[in-house]
Structure formats: C-alpha cells, structure tokens
Amino acid sequence: MEDIFSIEKKVIVITGGAGSLGASIAEYLVQKGAVLIILGRTSSTLLKHVNKLNKLIPSSSSSYTADVLNEEKLKEIRENILNQYGRIDGLINAAGGNLAEATPNSDQTIFDILPDDLKKVIDLNLMGTVLPSFIFGKIMANQHSGSIINISSMASKQVLTRVLGYSMGKAGVEIFTKWMAMELATKFGEKMRVNAIAPGFFIGKQNKELLLNEDGSYTRRGRNIIKKTPMGRFGYVSDLNGSVQYLLSDASKFVTGTILNVDGGFSSFSGI
C-alpha cells in the first residue's frame with residue numbers, strides 16, 4: 001500500500017534551518033528520508049548542524065550561508081541546487097523572529113519604537129518569506145509540482161502586547177500564503193501548494209526572557225499565555241514535525257491556502 005505521508009528522497013530547502021524550530025524540523029525530515037538544503041546566516045552554526053545531520057543520516061544534508069533578504073545570493077543558491085539536485089520538492093520558510101530594539105519595555109509606548117527598527121522586523125518576517133518563495137518557488141512552478149510551507153504566528157491572530165512589527169510581518173505572511181496559493185494553483189497546476197503553520201508559544205532563545213524568570217518560573221506574560229492555552233503548556237519543538245510532514249506529503253495534496261494552527265488551543269480559547 002502506498003504511504004501517502006512519505007517524503008523519502010524529496011529535496012527540501014529550509015530557511016532558518018539552524019534555529020530552534022528549524023533545526024528540529026530538519027532533523028525530523030532527514031530521519032524520514034528527505035534531502036535537506038539548509039540556509040542560515042551564521043556559517044559556523046550551519047556547519048555544526050549539517051555535520052550532526054550527516055552523522056545521523058549520511059549525505060542527507062547540505063547548507064548555504066545566506067541572508068533571506070539578499071535576493072542575488074538566493075538566486076545564486078537556486079542555481080547551485082539545480083546543478084546538484086535538478087529539482088526542489090519543498091520549501092520551508094522558517095527564518096524570522098523579533099528584534100529587542102523593536103520591542104518596547106513595559107514603561108515605553110508605541111511612540112518609542114523607531115520606524116527603522118519596525119521596518120527591519122517586518123522585512124525579516126514578511127519579505128524574508130516572500131523572496132525565498134519567489135526565487136525557489138519558480139523552480140517548483142517550472143516543475144508544476146511542489147509544496148511551500150510558511151511560518152506564521154499567534155501574533156497574527158490577535159493583538160499581543162510588545163510585538164507590533166512581528167505581528168504585522170506575520171499577518172502579512174498569512175495573506176501572502178493565501179495569495180500565493182491561489183496564484184500558483186491556477187497558473188501552474190494542482191500539484192503546486194502553499195500553506196502556513198501558525199505555531200503557538202514555544203520557548204526559544206528570542207523569547208525566553210519574556211516567558212521565563214531566571215529561576216525557571218513563568219513571568220507574568222508566561223503565566224497569561226498558559227492561562228489561555230487549554231492544553232496548559234508551552235509547545236515542544238517536536239510538536240511541529242507531524243504537521244510539516246503532512247503538508248510536504250501527498251497526504252495533503254488537496255490542501256492549499258490553509259493556515260494550520262499548532263497552538264494547544266490558544267487561538268480557539270477566549271480565556272473566559
């Protein structure tokens with residue numbers, strides 16, 4: 001019987017693939033037989049991660065150092081991937097995040113945010129998804145097959161204090177996902193799909209200080225999030241892996257333009 005969830009030998013590009021969420025996804029995918037091309041900004045971190053993956057599954061991974069906002073570099077990488085593999089079956093846009101300078105302290109207001117800092121965060125999250133989708137997505141469009149997975153956030157669903165630029169960027173990612181899904185399916189065929197995953201709250205390097213005190217207890221913000229999460233916990237990085245495999249595989253071949261919440265029920269609960 002055919003395994004509709006199989007991603008074996010699929011060539012997958014993942015941006016931000018050495019970050020906390022991206023690294024977990026990459027490790028899971030290579031164990032499922034995928035071939036990974038990992039993009040990131042720090043060469044030493046990339047090399048360490050790729051070496052780990054290739055020890056786990058020999059010749060499963062390669063990497064390129066690149067900023068997702070550098071269009072020319074992404075095009076150069078695209079040609080290298082075509083020369084080496086001849087195709088791209090999937091793209092995961094996991095690069096993104098927030099900046100401390102665009103996150104006002106509790107004693108600051110929206111007027112203390114500098115427009116340039118706000119723009120940096122919006123560009124990182126929105127254009128850092130748009131540019132790889134355009135550049136690597138073109139290969140998939142020429143093939144008339146492929147799956148793009150964008151990463152949204154609970155910050156796109158409702159107002160969360162302190163993360164204005166991040167919220168604006170991720171809200172843009174969601175409408176871009178739906179628009180790109182429509183464009184690719186109608187002009188390049190039914191095997192072209194674009195979806196997004198909206199994670200709930202996961203503790204990582206960027207938000208650890210917002211959610212945890214030095215002794216490991218929850219901050220006020222952390223407690224408020226848990227109160228509004230019916231499952232009563234923060235996400236584990238592995239909680240995203242099954243959703244990613246589903247969206248890359250033929251199990252989701254009639255799914256496009258969808259935002260899949262992986263949030264422990266946060267988005268469905270009013271807290272009342």
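User: Let's start with Phe234: is that one buried or exposed?

Analyst: Phe234 is buried, at a relative accessible area of 7%. Buried means under 20% relative accessible area, exposed means over 50%, and partly exposed is in between, using a 1.4 Å probe and protein chains only. Before we go on, this is a predicted model, where local features need pLDDT of at least 70, side-chain atom pairs count only at pLDDT 80 or more, and totals for chains, interfaces and linings use all residues. Residues are numbered from 1 along each chain as its sequence is written, and side-chain values use heavy atoms, with hydrogens and water left out.

User: Thanks. How many aromatic pairs are there in the whole structure?

Analyst: The search finds 3 aromatic pairs. Rings of Phe, Tyr and Trp (its six-membered ring) pair if their centres lie within 6.5 Å; planes under 30 degrees apart are stacked, over 60 edge-to-face, and the rest tilted. One of them joins Phe201 and Phe266, which are edge-to-face with 4.9 Å centre to centre and 65 degrees between the planes.

User: Where do those two sit in the chain?

Analyst: Phe201 is in the loop between strand S6 (192-199) and helix H6 (208-211), while Phe266 is in the segment after strand S7 (259-262). Helices (H or I, at least four residues) and strands (E, at least two) are DSSP runs, numbered from the N terminus. Phe201 is buried at 16% relative accessible area, and Phe266 is buried too, at 3%.

User: And why is the pair of Tyr218 and Phe234 edge-to-face?

Analyst: Because their ring centres are 5.2 Å apart and their planes stand at 85 degrees. Tyr218 counts as partly exposed, at 33% relative accessibility.

User: New topic: how many salt bridges does the structure hold?

Analyst: It holds 9 salt bridges, each a side-chain nitrogen of Lys or Arg within 4 Å of a carboxyl oxygen of Asp or Glu. Among them, Lys52 pairs with Glu27, with the closest N and O atoms 3.4 Å apart. That pair links distant parts of the chain, since Lys52 is in helix H2 (residues 43-56) and Glu27 in helix H1 (residues 20-31), 25 residues apart. Lys52 is partly exposed at 48%, and Glu27 is partly exposed at 25%.

User: Which residue does Lys119 bridge to?

Analyst: Lys119 bridges to Asp123, with 2.7 Å between the closest N and O atoms. Both lie in helix H4, 4 residues apart, about one turn of the helix.

User: What does H4 look like overall?

Analyst: H4 (residues 115-143) has 29 residues and reaches 40 Å from its first C-alpha to its last, close to the expected 42 Å. That expected span is 1.5 Å times one less than the number of residues. There is a kink of about 40 degrees centred on Gly137; the bend is the angle between axes fitted to the seven residues ending there and the seven starting there. Just after H4, His144 has a positive phi of about 65 degrees.
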